[in-house]
Amino acid sequence: MTRRTLISRGGATIGGAVLLSGFPAPWVRAARPVKIGYVSPQTGPLAPFGEADNFIIGTVREHFKKKDLPIEIVVKDSQTNSNRAADVAADLILKDKVSLMLVGAAPETDNPVADQCELNEVPCVSTVSPWQPWFFARGGKPDKPFKWTYHYFWGLEDAIGIILDMWSQPQLQTNRVVGAAFANDPDGNAWGDDKLGLPPALAKSGYKLIHPPHFQTLTDNFSAQISAFKEAGAEIITGNMIPPDFTTFWTQARQQGLRPKVCTITKALLFPSSVESVGQTANNLSTEVWWSPTFPFKSSLSDQSAAELAASYTQSTGKQWTQPIGFIHSLFEVAADIIKRSADAQDPAANLDALTKTNLQTVVGPIAWGNGPVKNVAKTSLVSGQWRLAAGGPFKYDLVIVANGLAPQIPVGGKMELLA
């Protein structure tokens, strides 16, 4: 007779431990803890996505201990390499025997980890990637969704919406010519897609798009893109880049005389370290904001507000808050909630059943699957912001929210400004 059967019959006694009806099986003192796997790029070009990992994992382990939750977190570094991400995910499944997988660090890590989970029938919760490159790049179809892998984040439609919301503010007078620099990777190809990406949205809104061929990541020469933008007189620059590529692009753009009025870059400009790497010329660079201390949400695990979580990170590490803090913390909120509700937290199938029924208020907002845009995706809030030279304090730049048209519950901290 299985543990699940015993529970369904209203309670039983096993080895002196009482199983009460409605009391989740994992909280019985078991012979072994519930193992969850976590994969992130702690090294390599996308290491800023994993910068807060040690802090988050350390704090959630303490919360699990205080709440007497028998959960063991097994952590692996993808090294910003898709092949390695797949390999370590397979190890977590086949060698460590995890019963739930977590991953949150752009498609380069999210997708291969999710693919391994789908193949080996282990539930996976992922985040920190627009849903389209996570879903479609893996072969997902709305009428043929995945079974074992679920994702929460915003989509390209939201990012495009907040970008247009930001660019359309009346104080921004531009010629509406946009130069777009996209990488030849799942993120960049999704952004540049002629049907579902940025090009049709800009055309519909009256912008002229200059869209050179996509570049290879970690390139050392953006002269072709810069020349095309200068020739067209582009006053707005946008793109999706990893942090090292943006540093190279922006340095060469300034050297070659490209002086746009607006520069909005997704991915690379999420992190204070990326912004600081280009010095004073980073003032008023703009990007998407998927989490900040001003977001009006609280953790279901620690009961901290977004502001309190960010302050705790700075106090513990001496570093400025960074956007992944909220979402990586929320992954473990979701994991704890799944395991508490699972009929048998050692059983991947039982965890999958609990996962699909998630309805949780987290530090990044509500997370619940079932409302689309596809079965495997739940969406979260998105606004836009600009990096401003700080007037004082320990850090060089502050990220100020300047447009919230898609998420009015998140307060605006200032108006959009042109680059110097």
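Start by selecting Val-128, which is buried, with a relative accessible area of 3%; buried means under 20% relative accessible area, exposed over 50%, and partly exposed in between, with a 1.4 Å probe and protein chains only. This is a predicted model, in which local features need pLDDT of at least 70 and side-chain atom pairs count only at pLDDT 80 or more, while totals for chains, interfaces and linings use all residues. Residues are numbered from 1 along each chain as its sequence is written, and side-chain values use heavy atoms, with hydrogens and water left out.

Val-128 has a positive phi of about 65 degrees although it is not a glycine. Its place is the loop between β6 and α5 (131–135); helices (H or I, at least four residues) and strands (E, at least two) are DSSP runs, numbered from the N terminus.

Next, select Lys-97, in the loop between α3 and β5. Lys-97 also is not a glycine and has a positive phi, of about 60 degrees. Is Lys-97 buried or exposed? Lys-97 is exposed, at 55% relative accessible area. Most residues other than glycine have a negative phi, and most peptide bonds are trans.

For a peptide bond that is cis, select Gly-372 and Pro-373, where omega is about 15 degrees. Pro-373 sits in the loop between β14 (365–368) and β15.

Now show the strands. An open sheet of six strands, paired in parallel, has the order β4-β3-β5-β6-β7-β15; two strands pair if DSSP finds at least two bridges between them. The edges are β4 and β15 (377–378), each of which pairs on one side only.

Select strand β3 (residues 34–40), where six of the seven residues are buried. Seven bridges link β3 to strand β4 (residues 71–77) in the parallel sense, and Lys-35 has Glu-72 in β4 as its bridge partner. Strand β5 (residues 100–104) runs parallel to β3 and is joined to β3 by four bridges. Here Val-39 stands opposite Val-103 in β5.

α3 lies across β3, β4 and β5, at about 155 degrees to β4; contact means heavy atoms within 4.5 Å, and axes are lines fitted to C-alpha atoms, for helices over the stretch in contact, with angles from 0 to 180 degrees between N-to-C directions. Helix α14 (residues 348–356) lies across β5, β6 (124–127) and β7 (149–152), at about 30 degrees to β7.

Then select helix α3 (residues 82–94) together with helix α4 (residues 106–120): their axes come within 8 Å and cross at roughly 35 degrees. Among the residues that meet are Ala-85, Ala-89 and Ile-93 in α3 and Thr-109, Val-113 and Cys-117 in α4. By class, this contact has nine nonpolar, four polar and one charged residues; Ala, Val, Leu, Ile, Met, Phe, Trp, Tyr, Cys and Pro count as nonpolar, Asp, Glu, Lys and Arg as charged, and the others, Gly among them, as polar.
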